[in-house]
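Trainee: Can we go through this one together? I'd like to begin with the ligand and then move on to the helices.

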Amino acid sequence: MTEDGEPRGRREVPAILAAKTSGGSLTRRSLLAGGTLALAGMPMAQAASPRPARRVPFGAAMQAEHLGDARYRALFRAHCDLVLPMNELKFGLVHPEPERFDFAPADAVLDLARAEGQDARGHAVIWWNEVPPWLAAVTEPGAAERALRQHVETVVGRYAGRLASWDVVNEVVAHEAPPDAPLRDTVWLRALGPRHIPLAFAAVATADPQAKLVLNDYDLEFEGDRYDRRRATVLEIVRQLQEAGLRIDAVGIQGHLYAEKRIDIPALAAFGAALRRLGIALMVTELDVIDWRIPGGAAAQDAAAARIVGDFLEGVFAAGRPAAVIAWGLTDRYSWVDDAMPHADGTPSRPLPFDADYRPKPWFDLIERRLRDG
Ligand code: XIL
């Protein structure tokens, strides 16, 4: 770390958002046109809650396709202050054709949350994945900017006032985050250059002035140079958005925790403190445990999960309370981890706070205690 408490490597990061590209460079005027920076962000749900009193809200991502499972619904009702549609608001799913939108799956999740008196959030406007074919074919900057504006006006505009926050950009930091190319190569970067990031923040701020605006990313919690670079790149993007006069309210740390890795607690604490100095909140947005490298069966997996989640919470809370802690699902019965990162020998993963039979894991107690006591 440097003396001012920031991750190493920051000075190597170039002026990310101002970099010249085929799409032109960032200008303050183009970004602020029509934008409002007002912000409310108070909790929106008013109904009486069956859930425990917590200083920090707990939430989870919900999947519309499992809503027929009554035990699944009951788990969310009992434990979540906040829910979000896991996939249903991703670009290609909600906006599969240029003039066709499919809101029914997202509505199913969000209407249930409202009926349960839970807050909700949106995920995600800009992402490299779930890009529909029509959008993948867009290369001309004007067409890309029109597609972004139309998408935000229609999708963010539709839910305006109902979502406490939006992941405006998701995973825009390049996987390795080399200093000379810190941003991920996406359809947006190719068509618009780095200015797609401020464009998206400005557009979402206009379409839903109340929603908190979040930059969401992964691999921000571990020990090592690559993680230092990723933290530094996130801080640099935040600074550049602020220098351009744009509103950003929070950074989301996804928190997909590789159980064999080590959390860099001091670096995470410094990252949170640096964000706080910039007036930016921290939230945990996609917590789960990837235990593919943990042999020995369920007890060993759960012990490893409790260790890594404990260290993670230590680092996250070191700079103050996060705005929320959100898990990427609730039950091991439904998780992406076994599809994306399975055990080589077929051992089932145990990524989420409740097992496949809806029983809480030891690490859920850790979460509950932390969120209650702050
Ligand atoms: C995952 C979902 O969990 C899966 O159901 C889907 O098939 C693919 O996407 N980072 C993110 C999430 O930001 O949107 C991803 O969600 C997991 C990694």
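**Ligand site and helix packing**

Mentor: A polar side-chain atom of Glu 171 sits 3.0 Å from a nitrogen atom of the ligand. Keep in mind that this is a predicted model.

Trainee: How much of the ligand's accessible area does the protein cover?

Mentor: Of the 420 Å² that the ligand has on its own, the protein covers 79%.

Trainee: Which ligand atom is 2.8 Å from a polar side-chain atom of His 123?

Mentor: An oxygen atom of the ligand. Asn 87 also places a polar side-chain atom 3.0 Å from a ligand oxygen.

Trainee: Which residues are around the ligand?

Mentor: Met 86, Asn 87, Lys 90, His 123, Trp 127, Asn 170, Glu 171, Gln 254, His 256, Glu 286, Trp 328 and Trp 336.

Trainee: And how does that shell split by class?

Mentor: There are 4 nonpolar, 5 polar and 3 charged residues.

Trainee: On to the helices. At what angle do helix 6 and helix 8 cross?

Mentor: Roughly 30°, and the axes of helix 6 (residues 141-158) and helix 8 (residues 196-207) come within 9 Å. Angles under 35 degrees count as roughly parallel, so helix 6 is roughly parallel to helix 8.

Trainee: Left-handed or right-handed, where helix 6 passes helix 8?

Mentor: The crossing is right-handed.

Trainee: What about helix 10 and helix 11, how far apart are their axes?

Mentor: 7 Å, for helix 10 (residues 265-277) and helix 11 (residues 298-318), which pack at an angle of about 30°. Helix 10 and helix 11 are therefore roughly parallel to each other. Helix 10 passes helix 11 in a right-handed crossing.

Technical notes: Residues are numbered from 1 along each chain as its sequence is written. This is a predicted model: local features need pLDDT of at least 70, side-chain atom pairs count only at pLDDT 80 or more; totals for chains, interfaces and linings use all residues. Side-chain values use heavy atoms; hydrogens and water are left out. A residue is near a molecule or strand if one of its heavy atoms lies within 4 Å of it. A polar contact is a pair of N or O atoms within 3.5 Å; within protein, one must be able to donate a hydrogen and the other to accept it, and residues adjacent in sequence count only if both atoms are side-chain atoms. Accessible areas come from the Shrake-Rupley method with a 1.4 Å probe; for residues, only the protein chains shown count as cover. Ala, Val, Leu, Ile, Met, Phe, Trp, Tyr, Cys and Pro count as nonpolar, Asp, Glu, Lys and Arg as charged, and the others, Gly among them, as polar. Axes are lines fitted to C-alpha atoms, for helices over the stretch in contact, and angles run from 0 to 180 degrees between N-to-C directions. Helices (H or I, at least four residues) and strands (E, at least two) are DSSP runs, numbered from the N terminus. Angles under 35 degrees count as roughly parallel, over 145 as roughly antiparallel, 65 to 115 as roughly perpendicular and the rest as oblique. A crossing is left-handed if the near helix is turned anticlockwise from the far one by less than a right angle, and right-handed if clockwise.
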